[in-house]
Amino acid sequence: MFIFLLFIISCQQVTEEEDSIIKNTIKLFAPFITYKPDPEGTDFWQYPEETMNLKTGDCEDIVNYCRKMIYDTGYLKTNLAVVVHKKTGEGHTLLEYNGKHYECVNAKIKVNMNNYEKKAL
């Protein structure tokens with residue numbers, strides 16, 4: 001019974017209001033962070049406060065920062081996840097809400113969503 005309830009909750013559709021909150025929050029806050037990759041051979045995940053203070057970060061840092069900003073709006077407190085590319089060596093991170101994916105770094109990046117997996121933070 002418990003597993004079935006979790007499945008129902010996680011399969012809810014994104015409402016227009018929720019979609020708007022997420023997109024507008026990303027549009028408002030992401031431009032303040034300059035993309036800066038981690039040094040070669042490393043993958044350091046910054047806390048959102050670090051990203052905010054440094055004003056730089058790579059894709060997972062920017063996604064975590066946007067995720068915090070969305071939480072801070074007070075409208076969305078659950079079902080926000082970070083999804084990470086698992087097939088290529090380079091990888092990429094996106095924000096996910098109820099199964100819908102949001103690009104926080106560069107909206108022009110085209111990706112195959114079948115290659116992503118959820119990672120708990």
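Visitor: Which residues are linked in a network of salt bridges?

Guide: Asp 19, Lys 23 and Lys 100. Before we dig in, this is a predicted model, where local features need pLDDT of at least 70 and side-chain atom pairs count only at pLDDT 80 or more, while totals for chains, interfaces and linings use all residues. Residues are numbered from 1 along each chain as its sequence is written, and side-chain values use heavy atoms, with hydrogens and water left out.

Visitor: What counts as a salt bridge here, and how many are there?

Guide: The general idea: side chains of opposite charge can pair when their charged atoms come close. The cut-off is a side-chain nitrogen of Lys or Arg within 4 Å of a carboxyl oxygen of Asp or Glu. That rule gives three salt bridges.

Visitor: Back to the network, then. How far apart are the closest N and O atoms of Lys 23 and Asp 19?

Guide: They are 3.1 Å apart. Both residues sit in helix H2 (residues 16–29), and being four residues apart puts about one helical turn between them. Helices here are DSSP runs (H or I, at least four residues) and strands are too (E, at least two), numbered from the N terminus.

Visitor: And where does Lys 100 lie?

Guide: Lys 100 bridges to Asp 19 with closest N and O atoms 2.9 Å apart. Lys 100 belongs to strand S5 (residues 100–102) and Asp 19 to helix H2, so this pair ties together parts 81 residues apart in sequence.

Visitor: Is Asp 19 buried or exposed?

Guide: Buried, at 13% relative accessibility. The cut-offs: buried is under 20% relative accessible area, exposed is over 50%, and partly exposed is in between (1.4 Å probe, protein chains only).

Visitor: Which residue does Lys 68 meet in a salt bridge?

Guide: Asp 72, at 2.7 Å from N to O. Lys 68 is partly exposed at 21%, and Asp 72 is partly exposed at 47%.

Visitor: Let's turn to the cysteines. How many disulfides does the structure hold?

Guide: In general, a disulfide is a covalent bond between the sulfur atoms of two cysteines. The test is a pair of cysteine sulfur atoms within 2.5 Å, and this structure holds zero. For Cys 59, the closest cysteine sulfur is in Cys 104, 9.8 Å away and too far for a bond. Cys 66 is in no disulfide either, with the nearest cysteine sulfur, that of Cys 104, 4.1 Å away.

Visitor: Are Cys 59 and Cys 66 buried or exposed?

Guide: Cys 59 is buried at 8% relative accessibility, and Cys 66 is buried at 0%.
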